[in-house]
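Here is a short tour to read alongside the sequence and the 3D view. Keep both at hand as we go from heading to heading.

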Amino acid sequence: MASHHKWGMVVDIDRCTGCQACVMACQAENNIAVNEEVHFLSRRAHQWIRIDRYWDGDTKEKGVVTWPDVKARFIPVLCQHCENAPCEPVCPVYATYHNNQGLNVQVYNRCIGTRYCANNCPYQVRFFNFRDPLWPKSLWNHLNPDVTIRSRGIMEKCTFCIQRIRRAERVVEGQRGEQLDDAKLKAGNWMPACVNACPTDTLIFGDLNDPNSQVSRKSQDPRHYKLLEELGTDPNVVYLKKVDPQHAQHA
């Protein structure tokens with residue numbers, strides 16, 4: 001029954017406030033090492049989902065946009081789980097591959113750390129472990145036992161919280177013999193951690209093969225688009241454009 005699913009996500013940019021709740025939830029759920037200032041300065045911070053911020057506004061004089069005409073725009077960026085993923089064919093040991101549920105899978109114990117996949121990813125959402133992860137002693141009991149701790153020398157990235165998906169499949173389809181859908185994912189608290197943490201419902205996760213699922217309906221919204229669509233990677237993450245009434249009036 002599990003192979004009938006095609007997991008995907010819709011990101012509604014119009015709802016994102018840049019609060020970073022998804023980033024923090026992902027860090028806690030997936031045992032991502034604590035990022036310190038030195039890691040950001042050396043561009044080696046790990047964030048399986050990040051919030052890119054842009055400044056937007058109409059230039060009036062000398063190309064300068066000043067407050068209150070300037071607006072902040074936010075866009076969450078995570079692994080796009082591409083159907084034609086550029087990261088997959090370059091791996092010499094098959095440590096990353098596409099499964100039959102639309103997920104771009106990373107096999108940690110196969111990875112030998114060539115970093116070819118990171119170099120070939122146009123979205124910059126893969127991370128190489130330059131160091132063994134460390135946490136303060138006060139956080140040791142907060143680590144998630146369902147998620148492997150990645151050691152130095154291997155790649156890691158967003159998995160759509162596959163540990164939650166697998167648990168949902170075992171309980172709903174394996175034990176109950178029922179079909180897994182969005183309602184059961186939400187009721188069982190099995191949605192990805194970033195989706196559960198989002199206070200504005202910016203992130204919508206579900207089965208793209210289910211025509212009645214919210215993610216399937218939203219992915220067909222007239223505002224939909226995909227990041228770097230011209231590359232032909234065919235991501236399973238769909239974005240919905242920002243709605244700006246002021247721009248619509250001037251158009």
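Let's start with Cys-79, which is buried at a relative accessible area of 6%. Please bear in mind that this is a predicted model. The closest cysteine sulfur to that of Cys-79 belongs to Cys-158 and lies 5.7 Å away, too far for a bond. Cys-82 is likewise buried, with a relative accessible area of 6%. For the sulfur of Cys-82, the closest cysteine sulfur is in Cys-79, at 6.5 Å, which is again too far for a bond.

A disulfide here calls for two cysteine sulfur atoms within 2.5 Å. By that rule, the count of disulfides is zero.

## The nonpolar cores

Nonpolar side chains tend to be buried together in soluble globular proteins. In this model, the largest nonpolar core holds 52 residues. Met-9, Phe-160, Phe-205 and Tyr-239 have the most contacts inside that core. A second, separate core has five residues, among them Val-10, Ile-204, Val-215 and Val-238.

## A four-stranded sheet

Next, find the open sheet of four strands, ordered S8-S1-S10-S9 with mixed pairing. Strands S8 (203–207) and S9 (224–225) stand at its edges; each has a single partner strand, so one side of each is left without a neighbour in the sheet.

Strand S1 (residues 7–12) pairs with S8 in the antiparallel sense, over five bridges. Within this pair, Val-11 stands opposite Leu-203 of S8.

## Helix H1 and its neighbours

Which residues of helix H1 are buried? Across residues 21–29, they are Cys-22, Val-23, Ala-25, Cys-26, Gln-27 and Glu-29. The buried residues of H1 pack against strand S2 (49–56), helix H4 (162–175), helix H6 (193–197) and S8. Just after H1, Asn-31 adopts a positive phi of about 50°.

## The largest pocket

Finally, turn to the largest pocket, whose volume is about 600 Å³. Its lining comprises 18 residues, and Arg-43, Arg-44, Ala-45, Arg-126 and Phe-127 are the ones that lie nearest its centre. Helix H3 (116–120) and strand S6 (127–128) each supply at least two residues of this lining.

Conventions: Residues numbered from 1 in each chain as written. Predicted model: local features only at pLDDT ≥ 70, side-chain atom pairs only at ≥ 80, totals over all residues. Heavy atoms only, no water. Core = buried A, V, L, I, M, F, W, Y, C linked by side-chain atoms within 4.5 Å. Buried < 20%, exposed > 50% of the residue type's maximum accessible area, 1.4 Å probe, protein only. Pairing = 2+ DSSP bridges. 1 Å grid on protein atoms, 1.4 Å probe; cavity = no way out; pocket = protein on both sides within 12 Å on 5 of 7 lines; lining within 4 Å. Points joined across faces, edges and corners; volume = space filled by probe spheres on them. Contact = heavy atoms within 4.5 Å.
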